[in-house]
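Could you walk me through this one? I'd like to take it piece by piece.

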Amino acid sequence: TFVNVWRSIDQNNVIKRRPLAVLDKNSVDHSKDTMIYELRFPDRTGQTYSLRYNKNHQWYYFPQMTAHECLIFNNFDKRSKFSGVFHTAFDDPNTKARDPPRRSIEVRTVAFFPPRENLDKPNHYTFYDMAHSNNAARIRLWLQLDQWQHKNQHIIQTKLVQYPQLQSSEFAIINPLRKIPALVKPNNETVFESDVILRYLEDKFGQSKRFTPSTPDDRQRMELIIRCHDLYIASPNNTQPGFSHTQGAMYLSAAFHGPHRAMSVSDRAAKLKELWSQLVWLDKYLIGTPYLVSNSLSLADLTWYPTCVFMEFMLPRVFDWPQLFYHPRNNNEHHSPVPRLARWFSFLTSQHDAFASTRNTILEYWHKMDADPHRQFDPIIDEIKQNPHLKWKYP
């Protein structure tokens with residue numbers, strides 16, 4: 001692209017004689033108005049466009065320009081056949097005989113760009129995250145483990161969003177379900193559903209670190225553990241208003257979130273029973289290894305841990321459950337009804353900074369919500385008091 005820069009070099013006078021005019025290219029009919037003429041030199045012959053008069057042309061100029069002002073305009077762009085701006089000096093009828101001659105300079109610059117197809121495509125992925133989302137947190141853990149995110153910031157960029165942004169029309173373009181997480185690929189395709197995002201990252205970038213087990217039996221165990229979490233705890237299996245996931249029993253209410261996130265009292269009690277059933281099943285399913293599947297981290301650990309932080313905070317505080325999980329320093333002070341899970345949770349928290357950081361981020365949010373004057377959990381606590389005949393506490 002050739003870009004012309006034109007300015008006065010007269011430090012004492014403004015331009016009043018022979019100013020420069022530029023033509024609005026949208027007023028040019030290239031099929032009728034332009035013609036090619038040759039520029040002949042001793043060693044070569046060049047070509048350029050000349051212009052025929054057309055009463056529809058719209059010319060503009062800037063009167064009385066100073067040496068501190070300049071005109072910048074496109075003169076040629078090889079990506080477009082007709083890209084230049086026609087320009088010429090002209091006799092200004094306002095010029096007086098005493099006005100000094102114009103003293104000006106014009107510089108032609110050349111700009112080089114990558115191919116257009118590269119300009120049109122972002123060269124990075126965008127991960128839409130929410131600080132307290134347990135489903136987004138599994139993606140965050142994948143990015144943080146082994147400092148992958150620190151080494152590859154140019155590949156995947158993170159954008160933190162707030163709940164009101166999810167309801168905006170702008171975010172609906174990114175994810176029509178208005179849910180977190182979402183991953184926008186360089187071709188602007190959006191990947192949603194946390195497990196799908198996680199598997200995609202494993203396939204795309206997992207060469208240097210794999211959280212997918214190498215054996216069929218370990219993969220089967222991992223798949224089952226993740227499947228039970230996503231089906232029976234983290235998903236309502238329906239995107240319509242009035243349906244909520246099992247984990248929502250811990251914190252969703254019509255009074256705080258509105259009728260579209262509401263559930264009946266009996267549904268809440270049944271969902272809490274489901275939480276307990278899944279925890280008991282998982283505790284029995286574990287085989288005594290430090291991690292959920294084997295002696296190595298897997299996607300199952302990334303999936304369950306953030307949700308267990310939710311339970312650590314809410315179940316004792318709102319429903320008077322015993323503390324299921326504990327920090328390593330409390331190992332000798334507490335006995336959990338799901339001891340294998342408790343040891344696993346303690347091990348991850350103490351041995352991996354990424355898990356401890358994720359736990360702190362989620363707990364910080366929920367402590368803030370608990371201290372908020374609107375008191376998110378109060379409507380649920382009132383429900384419990386008004387319905388003592390239902391079972392709220394487990395075991």
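**A helix and a sheet**

Visitor: Which residue follows H11, and near what value is its phi?

Guide: This is a predicted model, where local features need pLDDT of at least 70, side-chain atom pairs count only at pLDDT 80 or more, and totals for chains, interfaces and linings use all residues. Residues are numbered from 1 along each chain as its sequence is written, and side-chain values use heavy atoms, with hydrogens and water left out. Helices (H or I, at least four residues) and strands (E, at least two) are DSSP runs, numbered from the N terminus. After H11 comes Asp320, with a positive phi near 65°.

Visitor: How many of the 21 residues of H11 are buried?

Guide: Buried means under 20% relative accessible area (1.4 Å probe, protein chains only). H11 is largely enclosed by the rest of the structure, because the buried residues number 19 of the 21.

Visitor: What order do the strands of the open sheet take?

Guide: Two strands pair if DSSP finds at least two bridges between them. The sheet has 4 strands and mixed pairing, in the order S10-S9-S11-S12. S10 (156–160) and S12 (190–192) each have a single partner strand, so one side of each has no neighbour in the sheet; the strands at the edges are thus S10 and S12.

Definitions and conventions:
Buried < 20%, exposed > 50% of the residue type's maximum accessible area, 1.4 Å probe, protein only.
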